[in-house]
Amino acid sequence: MSESYDVQQVCENGHQITDCYNISPEKRRKFCQECGASTITACLCCGEEIQGAQIGVSQDYFGGRTGQKMVSQIDADVPSYCRNCGKSYPWTESKIVTAIQILTEFGNLDEKEKETIKQDINNIARDVPQAELSAMRIRQIWKKCSMAGYEIIMEFASRTAAKVLKNP
Ligand SMILES: [Zn+2]
Ligand SMILES: [Zn+2]
């Protein structure tokens, strides 16, 4: 069995167009059907392709004769960061910016929270050691503003942060 990855095409707002860009060229789109944004297949920063579905090909053998070719496929999720340069993709960036805006406008932030909100949201997006502390701070803010921005923050929250945020 041989395994390889196809390429993924995603719109700038993070809608997956296809994770089988090469094996199913008919699924390619120049623009997103859900939001009209243009689409990309590679990191805008370094040009590394966005990883798509995992494709496995195996061959069955019957008494020395070559049987049918089996193709298996494991779907890919839309990633948040480029695996080559670590830069966030455009959709991750706009979700982070939107989350900061929501909490700044509706979060009833005190002076200290205003200072740390940007860093806290960025920490939550990445699996860094500070993510847990930042998630606890966001939970405090949510107590004042009935969890404004919950949906969008959970979309990009790292595993560490999500664990804290899911139990407000
Ligand atoms: Zn879209
Ligand atoms: Zn990159």
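**Briefing: helix packing and overall layout**

In helix 1, Thr-92, Ile-96, Ala-99, Ile-100, Leu-103 and Thr-104 meet Ile-117, Lys-118, Ile-121, Asn-122 and Ala-125 of helix 2. Contact here means C-beta atoms, placed from the backbone, within 7 Å. By class, this contact has seven nonpolar, three polar and one charged residue. Ala, Val, Leu, Ile, Met, Phe, Trp, Tyr, Cys and Pro count as nonpolar; Asp, Glu, Lys and Arg count as charged; the others, Gly among them, count as polar.

The model is predicted: local features need pLDDT of at least 70, side-chain atom pairs count only at pLDDT 80 or more, and totals for chains, interfaces and linings use all residues. Residues are numbered from 1 along each chain as its sequence is written, while chains are lettered from A and ligands numbered from 1 in the order in which they are written.

**Helix 1 and helix 2**
- Helix 1 covers residues 90-106 and helix 2 covers residues 111-125.
- They pack at about 140 degrees, with axes 10 Å apart. Axes are lines fitted to C-alpha atoms, for helices over the stretch in contact; angles run from 0 to 180 degrees between N-to-C directions.
- The two helices are therefore oblique to each other (under 35 degrees is roughly parallel, over 145 roughly antiparallel, 65 to 115 roughly perpendicular, the rest oblique).
- Helix 1 passes helix 2 in a right-handed crossing.

**Helix 2 and helix 3**
- Helix 3 spans residues 131-144.
- Helix 2 and helix 3 pack at about 125 degrees, axes 9 Å apart.
- This pair, too, is oblique.
- The crossing of helix 2 past helix 3 is left-handed.
- From helix 2, Glu-113, Thr-116, Asp-120, Asn-123 and Ile-124 meet Ala-131, Ser-134, Ala-135, Arg-137, Ile-138 and Ile-141 of helix 3.
- That contact has five nonpolar, three polar and three charged residues.

**Overall layout**
- The protein has five helices and six strands. These are DSSP runs, numbered from the N terminus: helices are H or I, at least four residues, and strands are E, at least two.
- Along the sequence the pattern is β-β-β-β-β-β-α-α-α-α-α.
- Domain 1 is 2-74 and domain 2 is 90-165, with bounds from an automatic or database domain assignment.
- Their C-alpha centres lie 32 Å apart.
- The C-alpha trace spans about 75 × 35 × 30 Å along its principal axes.

Conventions:
Left-handed = near helix turned anticlockwise from the far one by under 90°. Contact = placed C-beta atoms within 7 Å.
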